[in-house]
Amino acid sequence: MSELIQLGSHNERPMPPKADELNLRFSEQAIKELEGLKTHYPNLKACILPGLWIAQREYGGFLDGDAIAEVAHRLSRSYAEVQGVATFYSMYNTVHNPGKHKIEVCTCLSCHFNSAYRIRDYVSKKLGIKNGETTADGMFMLEEVECLNACDRAPVVQVGDRYFGPVDEKSIDALLEELRASEESTVVKMADQIVQVQLKAEERVGTIR
Amino acid sequence: MAEYKLLLKHSDDPATQTLAGYKKAGGYSGLAKALKMERQAVIDEVKTSGLRGRGGAGFPSWIKWNGLPKEKVKPHYVLCNADEGEPGTFKDKMLMETAPFQLIEGMTIAGFAVQGDVGYIYIRGEFIDAAKALRKAIDEAYANNLLGKNILGTDFSYDLHIHLGAGSYECGEESALMSSLMGERGMPRLKFPHAPLPTVSGVWERPTLINNVESYSCVPHIIDKGGEWYATLGASTKNSRGTKIFSVSGHVNKPGNYEIEFGTPLKELLEMAGGVKGGKLKACIPGGSSMPVIKPDAVDVAIIGYEEMGEVKSMVGSGGCMFFNEHTDIVMLAWRTAHFYANESCGKCTPCREGTRWMVQIMDRIVAGNGQKGDMELLTEVANNVEGRSFCALGDAAAWPIKAFIRQFPEEFEYWIEHGKSPVTSKEALALVP
């Protein structure tokens, strides 16, 4: 991606990537949604977070270099700035493609003392992956996360836009079966729903499910 | 005292999540009343009520409200901190999911009082259900002239947007939240007195009012029933007024949110939550993971109140109350707490970034059975050097619990260091070791 990081000449700010060197993939819906979001804030910089959510949906759940570059281009920010923001937040998938479903197991205090590590190890063994990895078929990713703030339902697991808790081995089995059978990627659905809830009724193109 | 349901009064009635149902339950009478009042009178009402910030610090809300310029030059912003991330706390989530209009009304009143133009509700990315409930409510409010231009026929116009975070505990800190809203990495900024207060120069360098979800949710009740009435709640305490929602979790029979009046004994809160399960009480963290741990004898005498909790050397914090039974390994608890803060430290300030990592390394070697003599002193020393030495309170929040665990349960640390294994040998406890 180094060609995208343009430093410009003589004390200029780093320039945003130009359209002709990019492979733009935002759909018409995404462009409309971004236009709507732009009206919410006094400047384009503030649209980086919502813009990255749109990109995460448009690029199938994974923010690769092209996705970062497209957000930077559409918001007139430099590649480095947008990448810097994206890598700070844990819900943007910037390291590797998470696959279709991200199983997020909370292991923070209340969950920890309600056997969350047992659940994590069970998922890990069942799927044959370690924390932070994705299965070879690209179906599941396992991630140990910090407090999901549903401590009353400890131990809690989040998959996309749904919370499950309290979970045990049996309900994990059922959950994995259900996810395996579903067509839709919960990672993409989550990103889509996050975009939709930020849009006003008249700006919304998709639906809130 | 029993539960006192004010904010959660209609939480089990889904009908109040629609505008008609909310109005039927007495909603929006606070806003109607506020719009007929002088702006300063609304702020004075909040002052009379004695409302203090419910996010953790307990700062008097009216001082913030009063701090915004009365002569408006630039746009004013109203922010709601809904980036609830404190381990053990889940009250804001419930308030947003079950009483979205209450929050919207509170923010609209706040917007009116401080001449706000735009409000933002910054919700953590994981809380999509809360965001959906709020979006539905906001759409309905817009359609019924309760948001937008000329609200209820007055000359007050106010926009309200939802902004979702993307996974960062640090963004619950007000200056980091503002950085994040502006499209930056969620890192804190220099604070007063080294930098202007947010009320003078906050988000986009404009006057900004920022409060917690629960604080805003109190406002409609304060305006509707009067600040004086609100101040009668919790009047037995030194300086805490109103109700507070406690999220009770851990080893209790009925975990959940319990709204109580200030002045209620902590012991009663435990009784409301059905008592301890699986054994006797061993420890309690009363206000979220950042707050110092207390022992059962302190739980017996503790009264819930901002000053009163100080007497047992802890704090009300955000209200994430966790109880742990006798099979709990305190060193394991300290180990997990240390990991949490090291994972969530944003990395801006060296003492916090390096100190939290260092504490994790020491804790890791203790629970691996390789603890060294002097590790307890070293942990305390590192914690002392993190505390008060970072831009935001995350450094303090990382140091306080570790110091308290060592102060309250030194024998467990000593056992681990000496024997390389847990002093708690029951079957229940062993299942927890990762």
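User: What are the ground rules for numbering and for which atoms count?
Analyst: Residues are numbered from 1 along each chain as its sequence is written, while chains are lettered from A and ligands numbered from 1 in written order. In this predicted model local features need pLDDT of at least 70, side-chain atom pairs count only at pLDDT 80 or more, and totals for chains, interfaces and linings use all residues; side-chain values use heavy atoms, with hydrogens and water left out.

User: How do you know what confidence the predictor has in chain B and in the complex?
Analyst: pLDDT is the predictor's confidence in each residue, from 0 to 100. Chain B averages 94, and 98% of its residues score at least 70. For the complex, the predictor gives an ipTM of 0.93 and a pTM of 0.94.

User: Why is chain A divided into two parts, domain 1 and domain 2?
Analyst: The bounds come from an automatic or database domain assignment. Domain 1 takes 17-95 + 189-198, and domain 2 takes 101-182. Their C-alpha centres lie 27 Å apart. Contact means heavy atoms within 4.5 Å. It takes 5 residues from domain 1 and 4 residues from domain 2.

User: Why is the pair Lys189(A) and Asp161(A) called a salt bridge?
Analyst: The term requires a side-chain nitrogen of Lys or Arg within 4 Å of a carboxyl oxygen of Asp or Glu. The N to O distance here is 3.4 Å, so the pair qualifies. The count between the two domains is 1 salt bridge.

User: What makes the area between the domains "buried", and how much is there?
Analyst: Buried area is the accessible area (1.4 Å probe) that two parts lose on being put together, summed over both. Domains 1 and 2 of chain A bury about 370 Å² between them. Asn93(A), Lys189(A) and Met190(A) supply 73% of the area on the domain 1 side.

User: How much area do chain A and chain B bury between them?
Analyst: About 4,700 Å², with 58% of it on carbon and sulfur atoms. The contact takes 51 residues from chain A and 66 residues from chain B.

User: Why does the pair Asp159(B) and Lys200(A) count as a salt bridge?
Analyst: Its N to O distance is 3.4 Å, therefore it meets the salt-bridge rule. The count between chain A and chain B is 5 salt bridges.
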